[in-house]
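I opened this structure in order to look things up one at a time and to write down each finding as I went. My entries follow the order in which I looked.

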Number of protein chains: 2
Amino acid sequence: MNVSLRQVEIFLAVARTLSFSQAARDCHLSQPALSANVKRLEESMGARLFDRHTRKVSMTAVGQEFFKVASAMAENMDMALARMQDFVSGKRGRLVIAAAPSMAASFAPQAIAEFARDHPEVDVELHDELSDLSVGLVRSGVADLALSPVVPKAADLRQLELFRDHLVLVCHPSHPLASRATVRWRDVQPYAHVVVNQSSSVRQLVDAQYARYGVRLRPAFEVAHVGTMLGLIAAKLCVGELPESFIRNIDTTGLSYRRIASSAAYRTIGAITSSSRSPSPLIAPFLECCQRLATRFARN
Amino acid sequence: MNVSLRQVEIFLAVARTLSFSQAARDCHLSQPALSANVKRLEESMGARLFDRHTRKVSMTAVGQEFFKVASAMAENMDMALARMQDFVSGKRGRLVIAAAPSMAASFAPQAIAEFARDHPEVDVELHDELSDLSVGLVRSGVADLALSPVVPKAADLRQLELFRDHLVLVCHPSHPLASRATVRWRDVQPYAHVVVNQSSSVRQLVDAQYARYGVRLRPAFEVAHVGTMLGLIAAKLCVGELPESFIRNIDTTGLSYRRIASSAAYRTIGAITSSSRSPSPLIAPFLECCQRLATRFARN
DNA sequence: CGATCTTACGGGATTCGTAAACATA
DNA sequence: TATGTTTACGAATCCCGTAAGATCG
């Protein structure tokens, strides 16, 4: 025989009112049904919990003890379920975001800041990793969501496209290209270049563009970090291409940049989640947040 | 929709084994039945708790949170029910004993001491009141049990007879009656007497005996307390009658006593409980304790 | 006689187990 | 193909509500 939560509720109603019929009304139950429940509970306990006299009901010693225990039990239960409801509704929880380097510097912090305003009790964690690694974190379940260039044909991923991240040419303000209205691939060909190393998705995009337009650039420098790249450019040693998002939240004094006028000189940034794993309740509101922010990003 | 304890148990089994089929075996349930329970629980929660892949089951973020909550919940529940079991079985609890003065001095402390050895975690409370008051405490529910002379024809009381408490004549060792083998009512007639006042049941018994044997005694003193009575006797001012139980645990140096040889010079002491109120689980073992002790009392 | 709890009993919802279907490594 | 979960469905069980019975003031 097992004691159910309903029985505990019913017991508490009877204990509070000291009346079977009133408790039945409170529990939206017929009086005999409530009586039967109390009886079953007493059988489970192995002791009477109430003394029934004709005109009044009173608690036995065991009943009084059970009243304390049951009150605590019901309270714990309610607290626990309320807490769970917070997690389900997305009021509380933990959200792990992975962001590709370009996103980690600009979009991700803003998205997280906006999200945190609406969800002050949520712990948000940010991992900044190269695109492939970020997506890997989502695949492995370490991260709930990656902000990263979308991955072509990946059935195990759900990808929400956010905005197009155009390539820009970055050069010193004194550089000849800085004063041009538009910059095309063939315009940049003559100049010494800096590129990031192979592992970066930016490098892959730039290489693809080179190939597409049959442009052979002069890679004078191959660096690991964007900071180095910008330093070289600021020192007038070379020019380089970067996604626009990289430039957004960076100090650009001493640098000029121009969008590259090519119909394919961009990559699509997406919010990437696992399609096999069932989503955290926090993902949906965070996605909305990303979309709102993306429209603002696109306008600029 | 309400979440049941069974569902919590089932959830925990799945969470521990991360296998629906193994959990079903653990819960003595068919696997589809268990599956349905998890499904209902998830619907109650409003969120998936497990991700089912073909070869392995894993917990969602919400599931992991629920695991903590549910573990605590189950543990609390088990603790609470175990505690209740202690109260029902009589391992823990509180027992309120009322004892008539004669019992409060001798029988009751011994009974409580013996009971406390077997039930170290039980709180025992002792009220020493005149017989009628003691029985009143039982009737009103303040006391669980009274050790007192039995009450004739009281349907609302359950009375377990324990032993016969004989009247003894108490006198100074130098008194003529102290050297007699047997003492009868007519033997005590010539001497000055001390009696307790009307409210005591001892007085009522003595009066009844006087009446029965047509003896007119000389009540030289009427006192409230037995101590006073014994003091007067020790001072050779008078003799008096008392129930034997009074003498048992009292310093009797300077006093002699003899049972009064009369077939009705006793009262029956009983353990008195309420028959309307359902008995505390502690009453039965305490009654056994009283009966064991009563046989020892009767032998002396 | 009236208020209140208990017992008796029929009907409806819930939950179980078996069997078949389905999905993936 | 083999392992493991879900779906489908008939059956047993549980639980409720109505009606009648019992008890005490």
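**Two helices in chain B**

I began with a pair of helices and found that helix 1 (residues 5-17) of chain B packs against helix 3 (residues 31-45) of chain B at an angle of about 110°, the two axes being 10 Å apart. I keep in mind throughout that this is a predicted model. Angles of 65 to 115 degrees count as roughly perpendicular, and helix 1 of chain B and helix 3 of chain B are therefore roughly perpendicular to each other.

Which residues of helix 1 of chain B meet helix 3 of chain B? I noted B:Q7, B:I10, B:F11 and B:V14 from helix 1 of chain B, and across from them B:L34, B:N37, B:V38, B:R40 and B:L41 from helix 3 of chain B.

**Where the chains touch**

I then turned to the contact between the chains, to which chain B gives 32 residues and chain A gives 32 residues. On the side of chain B that touches chain A, helix 1 and helix 4 (61-89) of chain B each supply at least two residues. Helix 4 of chain B gives the most to that side, with 15 residues.

**How the copies are related**

I next checked how one copy is laid on the other, and found that a turn of 180° with a shift of 0.0 Å along the axis places chain B on chain A with an RMSD of 0.2 Å. This is the relation of a two-fold axis. The same surface serves both copies, as 97% of the contact residues of chain B recur in chain A.

**Chain A as a whole**

Taken along the principal axes, the box filled by the C-alpha atoms of chain A is roughly 105 × 35 × 25 Å.

I also looked up burial, and 37% of the 300 residues of chain A count as buried. Among the contacts in chain A with a separation of 6 or more, 73% come from residues 24 or more positions apart.

**Domains of chain A**

How is chain A divided by the domain assignment? I wrote down domain 1 (5-88), domain 2 (93-163 + 267-299) and domain 3 (165-266). Finally, I noted that the centres of domain 1 of chain A and domain 2 of chain A, taken over C-alpha atoms, are separated by 48 Å.

Conventions
Residues numbered from 1 in each chain as written. Chains lettered and ligands numbered in written order. Predicted model: local features only at pLDDT ≥ 70, side-chain atom pairs only at ≥ 80, totals over all residues. Buried ≥ 20, exposed ≤ 12 C-beta atoms within 10 Å, placed from the backbone. Contact = placed C-beta atoms within 7 Å. Domains from an automatic or database assignment. Least-squares fit on C-alpha atoms with pLDDT ≥ 70 in both. Axes fitted to C-alpha atoms, helices over the stretch in contact; angles between N-to-C directions. Helix = DSSP H or I, 4+ residues; strand = E, 2+ residues; numbered from the N terminus. Parallel < 35°, antiparallel > 145°, perpendicular 65-115°, else oblique.
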